[in-house]
Amino acid sequence: MVFRGIVTVMGLSIPSFQFNLDNLLIRKCRFEDIGGVIYVNRKTLPENYSEYLFLSMFRVFRDIFFVAIDKSSGQVIGYCMNKIEENARSFFYNRNVKKGHVFSLGVLKGYRRRGIASALLALSMDAMFMMGCDEIFLEVRVSNKPAQNLYFKFNYDIVARVPHYYADGEDAFVMATEKRRCEYIVDQVVSYIRRQGIYVE
Ligand code: COA
């Protein structure tokens, strides 16, 4: 599926997405997926959390924790793990809001550039908005341009830079968006994934 170019509809710009999600399914994470999620995490990111952390996130936030699975092998090949922060300071207004936090996202190397992270992120954002989040944010390495490009497509802005955020001393950008600025993009991606039967309840 392709949304071509940056299309402007009623003042809203819609980025282009090219999906190749053949032979994949995406669903909420199940207990038996945790080992696969940890494998993908170890292969894709230097931030390797403990098994306890993954299990705790699963216990508390399983409704906003998504995995992509290769149907041929049954292997987890990507995940997006998220959390919710109640009554937190808004990035955009002088008030407190409910925030969704994209905590960890990774797709195995051989599966990249097929729209899998876009699909996982859109489903995660949709689920967090459904749970009442007003804003969604994340931290990303200042050097991680691929991930930043992904977030820019969903209308995230860089709202802060945190010096030495990562264990190796690299700074993080905090990127954030709010519902009204991105829900039309999220809706389009989620509708496509549901129509194609890639998302399994
Ligand atoms: N270079 C530049 N932009 C890139 C990119 C790359 N190598 N990979 C992805 N992007 C951007 C592009 O804008 C892309 O849209 P396009 O293909 O239409 O140009 C957009 O992201 C969406 O790509 P998508 O196919 O959905 O992403 P993916 O499934 O390849 O996964 C990551 C992207 C970042 C999750 C993946 O590269 C990864 O797992 N990286 C290591 C872990 C990581 O950095 N996680 C995020 C931490 S904050």
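1. Order of elements. In this predicted model, the chain runs β-β-β-α-α-β-β-β-α-β-α-β-β-α when read along the sequence. This pattern is made up of five helices and nine strands.

2. Overall dimensions. The radius of gyration of the chain is 16 Å, which agrees with the value near 17 Å that a compact globule of 201 residues would have. The C-alpha trace spans about 50 × 40 × 30 Å along its principal axes.

3. Composition of the shell. There are 22 residues around the ligand, and those that come nearest are L105, R113, G115, S118 and N144. Sorted by class, the shell holds 10 nonpolar, seven polar and five charged residues.

4. Which residues place a polar backbone atom by an oxygen atom of the ligand? For V107, a backbone N or O atom is 2.9 Å from a ligand oxygen atom. For R114, a polar backbone atom lies 3.3 Å from an oxygen atom of the ligand. For L150, the corresponding distance from a polar backbone atom to a ligand oxygen atom is 3.5 Å.

5. Burial of the ligand. How much of the ligand does the protein bury? The ligand exposes 910 Å² when taken alone, and the protein buries 79% of that area.

Technical notes. Residues are numbered from 1 along each chain as its sequence is written. This is a predicted model: local features need pLDDT of at least 70, side-chain atom pairs count only at pLDDT 80 or more; totals for chains, interfaces and linings use all residues. Side-chain values use heavy atoms; hydrogens and water are left out. A residue is near a molecule or strand if one of its heavy atoms lies within 4 Å of it. A polar contact is a pair of N or O atoms within 3.5 Å; within protein, one must be able to donate a hydrogen and the other to accept it, and residues adjacent in sequence count only if both atoms are side-chain atoms. Accessible areas come from the Shrake-Rupley method with a 1.4 Å probe; for residues, only the protein chains shown count as cover. Ala, Val, Leu, Ile, Met, Phe, Trp, Tyr, Cys and Pro count as nonpolar, Asp, Glu, Lys and Arg as charged, and the others, Gly among them, as polar. Helices (H or I, at least four residues) and strands (E, at least two) are DSSP runs, numbered from the N terminus. The radius of gyration is taken over C-alpha atoms; the globule rule is 2.2 Å times the number of residues to the power 0.38.
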